[in-house]
Amino acid sequence: MNRVIKKCAVIGAGVMGATIAAQLANVGIETILLDIVLPELTDDDKKKKLTKDSKEFRNKLAQSGLEKALKSKPASFYIPESAKLITIGNLEDNIGWLGDLDWIIEVVVERLDIKKSVFEKIETVLKPGTIITSNTSGISAKIMCEDRSENFRKHFAITHFFNPPRYMKLLEIVPGPDTLPEVIETLAETCEKVLGKGIVYAKDTPNFVANRIGVYSMFYVIKTMMDLGLNVEAVDKLTGPVIGHPKSASFRTADLVGLDTLLHVSDNVYEGAPNDEKREMFKAPDFIKQMIEKNLLGEKTGQGFYKKSKDVEGNKVILSLDYNTLEYSPQEKVKLASLEAAKNISGTAQKIKSLYSAKDLAGQFSFCTLTETLIYSANRIPEIADDIVNIDNAMKWGFAWKMGPFEVWDAIGVGKSVAKMKEAGYQIPAWVQEMLDSGKESFYKREAGRLYFYDLPSKDYKEIPVKPEIILLSSLKDREMKVAGNKGASLIDIGDGVACLEFHTKMNALGDDIISMIMKSADIVSKDFQGLVIANHADNFSVGANLVMVLFAAQEEEWDELDWMIKIFQDSLMKLKYLDKPVVAAPAGMALGGGCEICMASDRVRFAAETYMGQVEVGVGLIPAGGGCKEVLIRNTGHLFEVQKGGIYPKQIELMPFVARAFETIAMAKVATSGPEAIKLGYLKPTDKMTVNRDYLIEDAKKTVLAMNMEGYKPPRPLDEISVAGENTFAMVKLGLWTMHESGYITEHDVTVSTKVGYVLCGGNVLEYTKVSEQYLLDLEREAFLSLCGEPKTQDRIQHMLKTGKPLRN
């Protein structure tokens, strides 16, 4: 990329505008956030003695948008400090600021006249070469460009972000009629590499790709629900995780989006696509219009398809809507045989296949809704996108589907499903039938570690291009690059003398297989490679120890076995920490408990922006015992003694505040909600770096290994003089816990567990500034962990966590 985007502006400080500005700030881009000046002072403004000339009044909308983004849940900012990169203003006083920018994003209300008015203002100060984009969800780029200058038209495009911008990967890019190719290249490179987006190249058609298919699918779900007499909660069970869709499924998603927004999007297709063969499907059912009239818009009005309430005993309940009466009632338990059967099948593809072929009500619903979505998607090529890959990516990245429409079609079997569709009277898209007639039985195929897709123009398979900066471990394994492995983990040669240790257990929970592969990988890398990356493509890096194994050993009182398991895990991480080759962990998703400890044992961490890291063992009545307590302590206190060279005598340093910070982090089971926050909490170091787009994470980690070697890597020396706070600080910890217990904030078992945490972090019953070794602290961790495993209440907590996925307070 020749051009680097350094300074941006976002016009419009509503929910989308403010949160797009937040994501720009998250990645270090200076951003201006502007909105209009309100026409009149409110009564509150007058009470504050503001005038129409007051800056606070004139910037009110931008300030409000920024404040809401800071308070939003889930968080829009990686860390609140990133908001300092956003400068607020208004379109009257600060329009001149737009004259010195690289990129201006318009995010105002979805009205063409208002957008054109904003563009007219921008043109008065626009410098040649500044890129201008609109975040419209459906207005034509061609129409928005009308009456604009040549410079504006050449540098204009649509960049359609999905809500919330931080978390939704999809970005649809739509060029205008005159957009320069280099403008699209710059936008794609910046949005993918810097902002972390997945790019889908869409055409200038109503609602582009994801919303066009997503809204059609949603409206056909509603039609089928009414035809079959199903209720709202049953449909959400059938259109949620069981088919690889989010937990919010259909109607909870509609509540989150807002029914008024949903209707606006559907109207946009109805008006803008007169030749769509399914145009009438985009007319909302009468009960949807009645819901909007009654202000049942979803979350924004507190009631939509669902409504939060309380029962007669005052307990919180969620009521569901009866679409026939528009009355709310308690949710009914969904009992559908094929749905229950599908839930017990392993793998999303097999679950969908099972439901699609079922004969009961759930099967009929699944067959109708899925068939319509698949056929509609196929009929949209080449109208909305040129190939199946862009459509599949749009639905996966924009609607969080695990599988795109054509991937699903492959999963249920194209030939068999087409036969079933024909039998039911459906008309198959001509190109799909032509593909089958030519002997090609799937939309995708994998050969020699490479993935191919069926290309309509050539009527043959084309390889899906993979950028050289993206490493796919499955592809490398297909090409026989696996060096060693077992059921839990594999060591893979990723080129340039670097190996990657990949975990592949359920949730990447750490058990014997992974621990033995850590040991084995360390030996192999020491002998045959230049360095090691620890990474995988799973949703979560690792959720920590296999609690089933821990619980079983504790219940059977196999204390020697449990002691040995913990000791082996400690030894494996110490081996990683002091390996004679650089080790770089590359976490993404959850890195909890032992997963966090693996990262802390590595020389460096190249983390994904969406990394959720923490020591959470206290939630199940245990403490970190793979070196977690030791590493959090060292990260909080180790730097204090580096100043000795400057003349400060160690006993002039008060350890207690730093130990207290480490104690609070572990005892409160703090989990970072982003990679940058993990640095703030001390799980990561300031020298650890972030990759925003996870697709590039393993390659970036590999480059880190190579850079460390280029700089002349020398392994760290074992620490055998760690100063600990000792018994006086431990006494203060116990006093604090007693006070919290007496005040009713924590349970007796919380005191037991937290006391163990404090004991380890203070170095046991020793004097302040006693110097201890890492092994000494590891022994304390292991002893504390074992003693807590014997506590009945700890075993209750582990069982509850395994059963419900939630911590128990006992």
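The model is a predicted one.

Start with the aromatic rings. The structure holds 22 aromatic pairs. Take Tyr216 and Phe282: their ring centres are 6.0 Å apart and their planes meet at 45°, so the pair counts as tilted. Tyr216 sits in helix H9 (residues 210-228), and Phe282 sits in the loop between helix H12 (259-272) and helix H13 (286-293). The pair therefore ties together parts that are 66 residues apart in sequence. Tyr216 is buried, at a relative accessible area of 1%. Phe282 is buried too, at 0%.

Now turn to Trp431 and Phe443. Their ring centres lie 5.7 Å apart with planes at 65°, so this pair is edge-to-face. Trp431 belongs to helix H20 (residues 430-437), while Phe443 lies in the loop between H20 and strand S12 (444-447), 12 residues apart. Trp431 is buried, with a relative accessible area of 11%. Phe443 is buried at 0%.

Next, the hairpin. Strand S13 (residues 450-455) pairs with strand S14 (residues 460-463) in the antiparallel sense, over four bridges. Asp455 stands opposite Asp460 in S14. Four residues lie between the strands, and Lys459 takes a positive phi near 55° in this hairpin.

The charged end of Arg279 sits over the ring of Tyr270, 3.9 Å from its centre. Arg148 lies over the face of Phe152, at 5.7 Å from the ring centre.

Definitions and conventions:
Residues are numbered from 1 along each chain as its sequence is written. This is a predicted model: local features need pLDDT of at least 70, side-chain atom pairs count only at pLDDT 80 or more; totals for chains, interfaces and linings use all residues. Side-chain values use heavy atoms; hydrogens and water are left out. Two strands pair if DSSP finds at least two bridges between them. Helices (H or I, at least four residues) and strands (E, at least two) are DSSP runs, numbered from the N terminus. Rings of Phe, Tyr and Trp (its six-membered ring) pair if their centres lie within 6.5 Å; planes under 30 degrees apart count as stacked, over 60 as edge-to-face and the rest as tilted. Buried means under 20% relative accessible area, exposed over 50%, partly exposed in between (1.4 Å probe, protein chains only). A charge sits over a ring if NZ of Lys or CZ of Arg is within 6 Å of the ring centre and within 35 degrees of the ring normal.
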